[in-house]
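Trainee: I would like to learn how to read a structure like this one. Please take me through it feature by feature.

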Amino acid sequence: MTKKMYERDWEALSAYSDGQLSSSESARLESRLPESGELRAALDELRKTSDLLRSQPKLRAPRNFILTPDMVGLRQQAPAYPALRLAAVLASILFIFVLVGDLYISNTSMQAAQIARSPAAEMAVEAPEDLFLDEEPAPQMFGEPEDSQVTGGGKAVVETTEAEEELVVESEAQAVQGTAFPPTSTSVEASAEAAALETKELMEETSALLVAPTGTISEAAPAFGDDDTALPLQPTHTVVERVEASPSTLLGEALPGQKSAQLPTEHPTKGADILPTPTTQLMTTPESAADSQWLSGISTLRWLEIGLAALAIIAGAAALILRRR
Amino acid sequence: MDEPALIQAAKQGDLDAFNRLVLVYQDMLYNQAYRVIGEPATAEDATQDAFIAAFRKIKTFRGGSFKAWLLRIVTNTCYDELRRRKRRPTTPLEPYNQENEEIESPTWLSDTAESPEQAAIRSDMRAALHRCLGELSKDFRTIVVLVDIQGLDYAEASNVIGKPLGTVKSRLARARFRMQNCLKQYWELLPQSYRLERERKL
């Protein structure tokens with residue numbers, strides 16, 4: 001008997017001892033058993049071993065293996081845990097939305113502010129020239145009244161009035177140009193237009209007032225020549241004061257282009273000591289007002305963001321602590 | 001509550017229902033773990049781990065023999081433990097006393113209902129059986145324990161080890177052959193009267 005044959009017989013004997021052979025296989029094996037003493041001996045040894053193994057007592061478990069919730073991760077969660085978790089999630093989502101919105105608004109506002117400030121810078125560069133030009137004639141008129149009288153006082157007065165009219169026309173034209181300025185933000189556009197309209201009205205009033213005293217050359221001409229500048233200059237002075245006082249707040253919200261347009265409306269005479277004050281106000285007030293408005297809007301969003309972030313952090317931390325417990 | 005209802009409740013996360021199944025099967029699982037691993041403390045841990053794994057995976061139980069399903073889990077747990085022990089210093093199957101000496105006739109498996117002589121012989125036989133089982137490979141040991149000690153039929157054993165019936169049949173035959181060869185040397189050491197008595201019974 002070869003080893004392979006022996007293993008096959010041993011396997012059949014093992015299954016036969018367990019009653020796991022089919023009827024045909026059992027009959028075939030049983031027919032061989034009486035003839036083969038080796039098979040019978042092997043079967044006896046096999047049964048003896050199996051009997052020894054089966055005679056082993058069943059051991060009892062040394063302890064109960066009952067599971068506890070901790071063993072399988074079924075922890076009792078605090079009732080507040082789901083609410084805190086939900087609050088943390090919602091606060092986080094809202095925070096992200098507000099942050100994105102804030103960034104979008106800030107970006108748009110910054111672009112509008114940049115566009116609005118670029119002509120302001122241009123006009124600010126131009127403004128000193130205007131001022132210089134406006135201020136220059138003043139000493140000529142105040143400093144050399146006798147010369148003008150000598151060379152022809154009437155002509156000088158006519159030139160002055162023409163210059164005034166030109167300046168008024170220019171100021172009106174610039175005010176109109178100011179309304180045509182292309183803003184990107186609708187709010188800025190609206191305020192600019194409104195301010196421009198107001199400025200235009202003011203210009204008209206100013207021009208009317210300026211034309212009124214200077215229109216009568218006979219009255220104005222001797223005034224320059226007689227050094228009695230109080231009477232003819234009085235209306236002009238009041239106009240400048242009005243320009244300085246009343247529109248400053250309105251112009252503060254307007255585009256800078258209109259403020260520079262305002263400058264030529266100042267009368268060259270005696271306006272030199274008044275002009276610097278409104279000029280500085282006009283150059284700084286609109287920016288600070290826009291910044292303060294922008295900052296106030298931003299600060300609200302910032303506070304909202306801080307609040308949401310704090311809520312998300314606190315709720316998340318509380319939920320984490322409850323979960324760990 | 002019957003077993004299918006307990007299983008269904010456990011599938012819904014009812015830990016109490018599962019613990020009732022634990023009480024029913026804990027002896028069987030501990031026996032399997034102990035015979036396969038050969039060390040009581042590790043067998044306890046393996047049994048506990050097997051029940052934990054069973055609760056976590058109970059939703060994957062698709063019916064059939066719940067006993068075979070549990071035995072499969074504990075067998076895999078024992079295999080994991082044996083692999084872990086293989087990487088670490090191994091613990092011998094023989095128990096040791098407080099002086100760190102091997103106990104030839106372990107009293108921790110003794111049956112107090114027997115006479116001292118019978119108890120000694122039985123203890124010797126148990127120790128021999130324990131040693132021979134330990135000399136088998138884990139696959140042979142598992143199939144011998146399942147069929148000869150746990151009393152499963154071939155189909156159930158096939159379900160537990162996840163192998164076809166032919167594999168169960170051949171693997172069991174070879175495992176028994178090696179067990180027989182191993183036990184022979186101990187068998188001859190037994191008293192003549194005990195051997196004759198055993199042979200007459202057979």
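Mentor: Begin with charges across the interface: the count between chain A and chain B is 3 salt bridges, a salt bridge being a side-chain nitrogen of Lys or Arg within 4 Å of a carboxyl oxygen of Asp or Glu. R54(A) and D148(B) form a salt bridge through their side chains, at 3.4 Å from N to O. The model is predicted, with local features needing pLDDT of at least 70 and side-chain atom pairs pLDDT 80 or more, while totals for chains, interfaces and linings use all residues. Residues are numbered from 1 along each chain as its sequence is written, chains are lettered from A and ligands numbered from 1 in the order written, and side-chain values use heavy atoms, leaving out hydrogens and water.

Trainee: How much area do chain A and chain B bury between them?

Mentor: The size of an interface is often given as the accessible area lost when the parts come together. Here about 4000 Å² is buried between chain A and chain B, 60% of it on carbon and sulfur atoms (accessible area lost by two parts on being put together, 1.4 Å probe, summed over both). Of the area that chain A buries against chain B, L53(A), L59(A) and F65(A) supply 18%, more than any other three residues.

Trainee: How many aromatic pairs are there over all chains?

Mentor: A pair of aromatic rings is described by the distance of the centres and the angle of the planes. Rings of Phe, Tyr and Trp (its six-membered ring) pair if their centres lie within 6.5 Å; planes under 30 degrees apart are stacked, over 60 edge-to-face, and the rest tilted. The whole structure has 9 such pairs. F61(B) and W69(B) have ring centres 5.3 Å apart and planes at 55 degrees, so this pair is tilted. F61(B) is buried, at 5% relative accessible area, and W69(B) is buried at 15% (buried is under 20%, exposed over 50%, partly exposed in between; 1.4 Å probe, protein chains only). Ring pairs also join F65(A), Y30(B), Y34(B) and F51(B) in a cluster.

Trainee: Which residues have the most contacts inside the largest nonpolar core?

Mentor: In soluble globular proteins, nonpolar side chains tend to be buried together. A nonpolar core is a set of buried Ala, Val, Leu, Ile, Met, Phe, Trp, Tyr and Cys residues joined through side-chain atoms within 4.5 Å. The largest has 80 residues, and F18(B) and F66(B) have the most contacts inside it. Helix α2 of chain B, residues 15–37, gives the most to this core, with 13 residues (a helix is a DSSP run of H or I, at least four residues, numbered from the N terminus).

Definitions and conventions. Helices (H or I, at least four residues) and strands (E, at least two) are DSSP runs, numbered from the N terminus.
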